[in-house]
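Reader: I'm new to reading protein models. Could you walk me through this one?

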Amino acid sequence: MANQLDELNDPIMEEGRDVNVIAKRVEVKVGVGSTIFQVMLWVLGIIPGIIFTIMKVKAANYFRQLEQKLQHDASQIDNYLEQRVMILQNAAQLVDKAVDLDKDTFSKIAQYRGGGRESSAEERNEVATQVENISRNINVAFENYPDLKAHKEIADAMQQNSYLQREITAAREVYNDSINRWNQDIMVWPTKMIVAAKAGYTTRIPFATTKEIKQQARGTFFGTK
């Protein structure tokens with residue numbers, strides 16, 4: 001049998017292709033066939049009906065546990081974000097003594113300073129974008145003023161900021177893995193899908209970077225002489 005995809009002879013997309021996360025929640029739905037399936041199990045005997053009922057109870061428990069894991073994974077991102085906000089606030093105050101830094105920096109940081117509150121994925125992504133912008137502004141000031149590099153506290157703060165950004169990236173990967181697991185499992189027929197449909201579950205939207213960050217990733221980082 002010939003290969004269905006031939007990397008040597010099939011059309012090659014030389015221009016490449018960009019991908020985006022679709023911000024749409026898909027509702028889980030089952031049709032009449034699922035109802036007939038469950039009725040038939042009871043028709044075949046009480047044992048098949050009881051077994052499937054037990055399977056549905058286990059599936060419901062599984063989804064509740066997975067929801068708790070999703071909350072835990074999301075809270076890890078929040079924890080790292082709050083730590084990063086505190087580091088950036090300290091760095092901004094130090095930089096502001098030497099540079100006329102944009103005053104909006106402090107107000108933006110203060111918006112998330114409280115921490116410990118529940119936030120939606122959309123809110124979390126928005127705050128993460130704001131924090132990233134603040135970090136970039138401070139980095140620009142840090143790089144443009146050589147004297148600041150000699151300031152040990154600022155240098156330490158920026159190093160911690162870099163470390164926390166890596167931790168946030170890793171935490172987002174874990175969160176997205178859990179999101180992927182949820183999105184796949186609620187569509188597994190019959191047991192999980194039937195339970196998910198009855199509970200009104202929908203797919204969840206994974207973390208995605210901003211349009212601005214994606215555009216920067218395509219830019220030129222190193223100039224040519």
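Here are a few questions and answers about the model above.

Author: First, a heads-up: this is a predicted model, where local features need pLDDT of at least 70, side-chain atom pairs count only at pLDDT 80 or more, and totals for chains, interfaces and linings use all residues. Residues are numbered from 1 along each chain as its sequence is written, and side-chain values use heavy atoms, with hydrogens and water left out.

Reader: How many helices and strands are in the protein?
Author: Helices (H or I, at least four residues) and strands (E, at least two) are DSSP runs, numbered from the N terminus. Reading from that end, the elements go α-α-α-α-α-α-α-α. So by that definition the count is eight helices and zero strands.

Reader: Which residues of α7 are buried?
Author: Phe63, among the core residues with the most contacts inside it, touches Lys192, Val195 and Ala196, among others (contact means heavy atoms within 4.5 Å). The buried residues of α7 are Thr191, Met193, Ile194, Val195 and Ala196.

Reader: What residue follows α7?
Author: Its phi is positive, near 75°. The residue is glycine 200.

Methods: A nonpolar core is a set of buried Ala, Val, Leu, Ile, Met, Phe, Trp, Tyr and Cys residues joined through side-chain atoms within 4.5 Å. Buried means under 20% relative accessible area, exposed over 50%, partly exposed in between (1.4 Å probe, protein chains only). Lists of a residue's contacts leave out its neighbours within four places in sequence.
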